[in-house]
Amino acid sequence: MDIEKLRYPVGPLQRINAPLDAATRAGHIAIIEEAPGRFRSLVDGLSDAQLDTPYRPGGWTVRQVIHHIPDSHMNGYVRMKLAATEESPMVKTYEESRWAELPEARSGRVEMSLALIDALHQRWVAFLRALPEAHLRRAFMHAEWGKVTMEESITMYSWHCRHHAAHIAGALSRTTL
C-alpha cells in the first residue's frame, strides 16, 4: 500500500480561510463529540501486541496514537480558550514526536488516555456549542501555521479525530494478531 495513503488515510489536512455555515460547523463539532466513543470502540479488548502494532512502517503504534490524541487535543482546547479570552494570543507549539516517545506513551495503559479523551471532549464540545458566533472568528497565532481562527481550529481537530481513527482502523485491518 502507498505510504502516503497509510500516513494520511483521510487525506492531508486542508486549511480553511472562509467562515463555515452553521450546519457544517455543527457537523465538525459532532465529529469531535463522537470521537471518544469511536476511539474506545476501536481499541476495546485489544491485546498488548495489537496495541503495540504500528499503523504504518516507521509510524507510531496504536497505543502511541491513543496517547497522542489527548496530548494534541488538550493543546487544541487550551489554544481555543486562549483565543476566546485574549486578543490574538501567541500559542506554544510542542514536540509531538518526542511526547510520543515518553514512557507512558510507549507503554502506558490506554484506558488512562481514553478516560482523559472522554472528559476533555465533553468539556470541549460544551465550550464550543456555547460560544457566541462572533467568538468563532477570534484567532490565535501559531509559530508554524500563522493565524488560526477558532472556527478553523474546529475543522482541524475534526480532521484530526478522523485521521487517527483511520490510522487505528487501518492498522487493525492489516494485523494478523
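In which helix is A115 found? Select A115 and you are in helix α7, residues 110–130, where helices are DSSP runs of H or I with at least four residues, numbered from the N terminus. The model on screen is predicted, so local features need pLDDT of at least 70 and side-chain atom pairs count only at pLDDT 80 or more, while totals for chains, interfaces and linings use all residues. Residues are numbered from 1 along each chain as its sequence is written, and side-chain values use heavy atoms, with hydrogens and water left out.

A115 counts as partly exposed because its relative accessibility is 37%; buried means under 20% relative accessible area, exposed over 50%, and partly exposed in between, with a 1.4 Å probe and protein chains only.

Next, turn to the aromatic rings, for which the whole structure holds three pairs. Rings of Phe, Tyr and Trp (its six-membered ring) pair if their centres lie within 6.5 Å, and planes under 30 degrees apart count as stacked, over 60 as edge-to-face and the rest as tilted. Select Y77 and F127, an edge-to-face pair with 6.0 Å from centre to centre and 85° between the planes. This pair links distant parts of the chain, since Y77 sits in helix α4 (residues 62–85) and F127 in helix α7, 50 residues apart. Both Y77 and F127 are buried. Then select Y94 and W99, whose ring centres are 4.4 Å apart with planes at 50°, so that this pair is tilted. Y94 counts as buried because its relative accessibility is 17%, whereas W99, at 32%, counts as partly exposed.

Go back to helix α4 and select Q64, which is buried, with a relative accessible area of 3%. A polar atom of the Q64 side chain lies 2.9 Å from the backbone nitrogen of T61. The side chain of Q64 also makes a polar contact with the side chain of E101 at 3.4 Å; a polar contact is a pair of N or O atoms within 3.5 Å, and within protein one must be able to donate a hydrogen and the other to accept it, while residues adjacent in sequence count only if both atoms are side-chain atoms. Leaving out residues up to four places away in sequence, Q64 touches A100, E101, A105 and R106, where contact means heavy atoms within 4.5 Å.

Note on methods: Helices (H or I, at least four residues) and strands (E, at least two) are DSSP runs, numbered from the N terminus.
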